[in-house]
Amino acid sequence: MELKRVVVTGLGALTPIGNNIQEYWDGLVSGKSGAAPITRFDTTNFKTKFACELKDFKVTDFMDRKFSRKLDIYAQYALVASDEAITDSGLDLEKVNKDRVGVIWGAGIGGIDTFQNEVTNFATGNGTPRFNPFFIPKMIADIAPGHISIKYGFRGPNFTTVSACASSANAMIDALNYIRLGKADIIISGGSEAAVTESGIGGFNAMHALSTRNESPETASRPFDANRDGFVLGEGAGALVLEEYEHAIARGATIYAELVGGGLSADAHHMTAPHPEGLGAMNVMKNCLEDAGLSLTDVDAINMHGTSTPLGDVAESKAIQHVFGEHAYTLNINSTKSMTGHLLGAAGAIEAIASILSLKHGIVPPTINHETSDENIDQKLNLTLNKAQKRDLKTVMSNTFGFGGHNACVMFRKLD
């Protein structure tokens, strides 16, 4: 059968450097860091005392306080970002066939704040099991798309993908394929995460995964820099309205870009460390190129997973060189995590949005905080260091890799 084309008709973002699409893009282009001392809890006894939290976000600006208390923070973020994306898309909710509109969402962890608070309350109590009746529905990772569908009455495919930091890229790929196969006309896709909690910071500290650059949080996320010492935890959400091309044209929708392909692979190597030669990363990029029907030279830029970890940045850069050969040196390569931190399950969504906006505006956001070159990373690669670069872009790739060796890659192209 002939596969249907899939386009992006709406965007929504809630990030550490901007609470909507315009603020997010402005922060990216200007090289704004979202890292700062943690405000949500006392970090006195923690190795890492900073994160990329949302700024000036009040959930009651977006929903009733009573309702918000029934949601974990990650689900609140999902509703806010998806609402912006749906509004941005111009969908007429009175006319759309809601049986053919779905929600496929990504979350690596889900309601960790709720889980932590409920268990803590039980452990410090008198042993009587007094749990909030919303404990389970607040905590589960699949509740965010459920709430989105309930709010708008969308009755199409509805589920959450969980593949650690690749979760929301996995969600977009599933959405792409459901629409391609004619199973839906529109799918709201993306991801959200809210793990800046005592258990989140403490757990990643125990793994030695986080930067401990407490004296200078704003410079701690430094992908490709020789002195990087781990990632910076972020939070937020990104949402995309993915729509079948003919359906979008028929209703006169504004189209940002076409989602032309997605790739998946596994490292099959280690629980948390990447394959040292980037084998899984190589495979996922090759799979994405094949799925999109594109050649190596069609790709203009790659938003790398680029977490600012000593092993990950080297393995991914090697993988890009292996896959793209000499063309690797003509690419613009960047890591927007240098600004937003690592949003875990939401990373793929906000980074896909960054890639789409790069296509629209002809600007590649910078990889900030670079001071010292790493001899293990080829310095002939254009890593878009410290300043945004203008470039006429036609095709961009976005990589996401997760603990467990999960790899996902998506490709966006200017509409022909």
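Modeller: Contact means heavy atoms within 4.5 Å. The model is a predicted one: local features need pLDDT of at least 70, side-chain atom pairs count only at pLDDT 80 or more, and totals for chains, interfaces and linings use all residues. Residues are numbered from 1 along each chain as its sequence is written, and side-chain values use heavy atoms, with hydrogens and water left out.

Biologist: Which residues does Thr372 touch, not counting residues up to four places away in sequence?

Modeller: Thr372 touches Phe224, Asp225, Ala226 and Asn227. Thr372 also lies 9.9 Å from Arg222, C-alpha to C-alpha, though the two are 150 residues apart in sequence.

Biologist: Why does Thr372 count as partly exposed?

Modeller: Buried means under 20% relative accessible area, exposed over 50%, and partly exposed in between (1.4 Å probe, protein chains only). Thr372 has 34% relative accessibility, so it counts as partly exposed.

Biologist: Why is Leu181 called partly exposed?

Modeller: Because its relative accessible area is 42%. Leu181 sits in the loop between α7 (167–180) and β6.

Biologist: What makes strand β6 mostly covered?

Modeller: Helices (H or I, at least four residues) and strands (E, at least two) are DSSP runs, numbered from the N terminus. β6 spans residues 186–193, and eight of its eight residues are buried. Ile186, Ile188, Gly190 and Ser192 cover one side, with Ile187, Ser189, Gly191 and Glu193 on the other.

Biologist: How do you know that β4 and β6 pair?

Modeller: Two strands pair if DSSP finds at least two bridges between them. Six bridges join β4 (residues 101–106) to β6, so they pair, running parallel.
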